[in-house]
Structures are given as structure tokens and as C-alpha cells.
Amino acid sequence: MRADASILVLSCSWPPYRDMGRIWWPAFRKFWPDCRYPVSWIECGDSVEPWYSAVRSALCSVSDAKPALVWVDDFILTAPVDGAEVARCVAEMRELQAVYYRLQPVPEAKQPFPSNPRAGPLAWDEPYVHSLHLSFWSVEHLDDLMKNETPATPWDFELAPCSRGPLHVSVTRDNRPISHVEACKKGELTEDGKRLLAEAARG
């Protein structure tokens, strides 16, 4: 079966994020062994190339007609992924002609769709309406945003004001097909991150 989407993992090159691959990959293989989507690991944030340039280069390698699940590398899986529900989200994104479909409800849709209580449209004035965490993106739309905004950091990109435009969707609070912990926050390891890295070091 040909994949109808792809996964782009954004990996930062500065500490402590540069260690995330040691725990991201084992968790991914454990909790999503039957993942149907090809995964691209994108190194970004070095002193030579702006992070958004690395992302734009990676976007050139995937089909514009298929959405890309953007995944920051410090989000570590903690439970089996509901692959069927993820596939349903991809299909609904295409049906709605949405350019963005978030799999984590932060923020969540305030009003679910009448025909689907598991998801709804995002309000334009919500914070993090362009969050890069576990969200399917239209490749063309994401590339256009990064081309026009050239944000200094991923956090700047997420906090930038969002003008009205194509439909953005999020799952509701009770419908999370992917469970995870955050291994880093504000440039520091979380307790979960320290624990997972210690477990990886012990083998």
C-alpha cells in the first residue's frame, strides 16, 4: 500500500535536544511498529543553516499532494499509537481540504464539527494555532509560511499571529490518537527526559 502521508521529525542540534534520537527512535519502533508512513529525520538549528531552511529542504523531498506529520523530536511516545485513527484524520483532512490537522488538542477545537465530535475547527486567535507538535500539514502551505515569515526559532514560528485563511483543524480533548511525554521544555530536560535518557544509557 502506498503511503498517503509522511512524517517529518524536527531534530534540534543544540543540547539537550541533540540527544533525543537516542530515545525517540526506540519508543517509535516500540509503540508504532506498523506505521505506514515514511519517516524523515531533519537536523536543523545549526549555526550555518537557519532551521526553517532545513525544513523547507525536507519538504522538497515529499509530495505536495500528501500531508506531512510534523513531529518535534522531544515528544516521546508512551503508548501504542492508534494507527487507524491517525489514518482517519488524514482522510478527513483531505475531505475537508484543511491545510492543518493537529493530533494534540493544545489548543483544542472549541466547537466540534456537527458530523464528527472527535475534531473541530481552530479559532484564529488561539495561541499556538501553528504548533509544530504532532500536526499534519499541507506541504505547500507550510512551505509558503516558512518562505514568507523566516522565523528565527521554531517557537517564534508557533507564536506568530495567524491571519485568516484555509481551514485549520484539531482533535478534541478526548480524542488523542498519540500519547507522549515531553522530554525537554524551554531548553531543559524534563524529569521524563532525564529518566528516559538514563534508561537508554543503561541499555
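**Notebook: helix 3 and its surroundings**

I began with helix 3, whose buried residues pack against strand 5 (100–102), strand 6 (119–121), strand 7 (135–137) and strand 8 (168–171). My terms first: contact means heavy atoms within 4.5 Å, and buried means under 20% relative accessible area, with exposed over 50% and partly exposed in between (1.4 Å probe, protein chains only). Helices (H or I, at least four residues) and strands (E, at least two) are DSSP runs, numbered from the N terminus.

I noted that this is a predicted model, where local features need pLDDT of at least 70, side-chain atom pairs count only at pLDDT 80 or more, and totals for chains, interfaces and linings use all residues. Residues are numbered from 1 along each chain as its sequence is written, and side-chain values use heavy atoms, with hydrogens and water left out.

**Entry 1: the helix itself**

I looked up helix 3 at residues 83–96 and found 14 residues. From first C-alpha to last, helix 3 reaches 20 Å, close to the 20 Å expected at 1.5 Å a residue (the rule is 1.5 Å times one less than the number of residues). Its buried residues are Glu-85, Val-86, Ala-87, Arg-88, Cys-89, Val-90, Glu-92 and Met-93. Just after the helix, I saw that Gln-97 takes a positive phi of about 60°.

**Entry 2: Arg-102**

Next I visited Arg-102, which lies in strand 5. Is Arg-102 buried or exposed? I found Arg-102 buried, because its relative accessible area is 0%. Leaving aside neighbours within four places in sequence, its contacts include Tyr-128, His-130, His-133, Ser-135 and Val-169.

**Entry 3: Phe-75**

I then turned to Phe-75, in strand 4 (residues 75–77). Phe-75 counts as buried because its relative accessibility is 6%. Not counting residues up to four places away in sequence, Phe-75 touches Trp-24, His-133, Leu-134, His-180, Val-181 and Glu-182. I also checked Val-62, 13 residues from Phe-75 along the chain: their C-alpha atoms are separated by 22 Å.

**Entry 4: the whole chain**

Stepping back, I counted 6 helices and 11 strands in the chain. Of its 203 residues, 51% count as buried. Among contacts with a separation of 6 or more, 80% come from residues 24 or more positions apart. The C-alpha atoms fill a box of roughly 50 × 35 × 35 Å, taken along the principal axes.
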